[in-house]
Amino acid sequence: MNLFPSRYLPEAPDPDALSATPAPLPKGPTGILVVNLGTPDEPTPKAIRRYLLEFLSDPRVIELPQWLWQIILRGIVLVRRPHHLAPRYEEIWHERGSPLLVWSQAQADGVQQRLRAQGLDVRTAVGMRYGNPSIASAIDALRSQGCERILCVPLYPQYAASTTATAVDHVARHAARLRNQPELRFIKRYHADPGYIDALARQVQAYWAAHGKPERLLLSFHGLPRVTVEQGDPYHRDCMETLLLLRQRLGEDGDRVHVAFQSRFGAQAWLQPYTEPLLREWAKQGVGSVDVMCPGFLADCLETLEEIQMQCRDAFLEDGGKQFRYLPCLNDDPVWADALTEIVRRHLAGW
């Protein structure tokens, strides 16, 4: 009898663990852990508060001293913000649940179907960095299916410490609780991948072929505090590379493409130009028609459907703009599913 509880999670029993002639372990399938940021379980103040507490307590997201930030977070932010956000989440909630989760799962399913059709034995699972399904539960689900090798695929084309790195941190944190760890690999970025750029370009061209071209196309990336880039985060560089490659891919229409950064939080300076003020400025200058897409988001969510499609549209039209159109994220686009499958397959080499 063990008098001291183990710090590690229990493992499935192995009948050959102490055998002198153990049977060979089966190779088993390869696991693909598809990671996205996270979402409340439902569009209610209680669920949103629980989600924000986990999200905004991450020191990768808010780089203030935790003792100070927790006072602000619990005493001010979590008192007001969940009630403010609840009706905004209700407006964009999908009939099947959170749009972020619905489209993340669609991409995971698309990769699994395509890789299996190519003869690869794979299993996919979606894990959210914050909220449910958790990264830990997704890893456990893959291991329960016999996955001894797991590839972590963040749905962030551009690398940032507050997105990709914190996902890696969390995978490692769960692995630290395992006695029998799986072999792990991580995809860092694919912001310049030809398949990703081609999927964006095809989406734009198909939309313009059906609806006509605007005066300008704005790529709105999620913002970051400027200081994090000054301290070494490569996110801004990644975004600019995506912008330049998409311009090249669109040929003569590349001159229509511009860039801005959204979702600013707090009083400090973030990456500029800011999306909504730029759109207001364009409208006042006489720009009549604008299309906006968010290439840093692979699945539509609150920041795209509510902040861009609703708030930024209203701001542009309010200040004199005539036509505002939002191009959805890649979501379940089959061209993107093919490209993501190819990215994953390259990273599975040797497995």
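Visitor: Which strands does helix H9 lie across?
Guide: Helix H9 (residues 275-285) lies across S5, S6, S7 and S8, and runs at about 165° to S5. Helices (H or I, at least four residues) and strands (E, at least two) are DSSP runs, numbered from the N terminus. Axes are lines fitted to C-alpha atoms, for helices over the stretch in contact, with angles from 0 to 180 degrees between N-to-C directions. This is a predicted model, where local features need pLDDT of at least 70 and side-chain atom pairs count only at pLDDT 80 or more, while totals for chains, interfaces and linings use all residues. Residues are numbered from 1 along each chain as its sequence is written, and side-chain values use heavy atoms, with hydrogens and water left out.

Visitor: OK, and what's the strand order in that open sheet?
Guide: The order is S6-S5-S7-S8, four strands with parallel pairing. Pairing here takes at least two DSSP bridges between two strands. Strand S6 (257-262) and strand S8 (323-326) are the edges, each pairing on one side only.

Visitor: How many bridges between S5 and S7?
Guide: Four, linking S5 (residues 216-222) to S7 (residues 289-293) in the parallel sense. Within that pair, Leu-219 has Met-293 of S7 as its bridge partner.

Visitor: Back to H9. At what angle does it cross H11?
Guide: Roughly 30°, and the axes of H9 and H11 (residues 307-318) come within 8 Å.

Visitor: Which H9 residues meet H11?
Guide: Thr-275, Glu-276, Leu-279, Arg-280, Trp-282 and Ala-283 do, and on the H11 side they meet residues including Ile-308, Cys-312 and Phe-316. Contact means heavy atoms within 4.5 Å. By class, the contact of H9 with H11 has seven nonpolar, two polar and three charged residues. Nonpolar covers Ala, Val, Leu, Ile, Met, Phe, Trp, Tyr, Cys and Pro, charged covers Asp, Glu, Lys and Arg, and the others, Gly among them, are polar.
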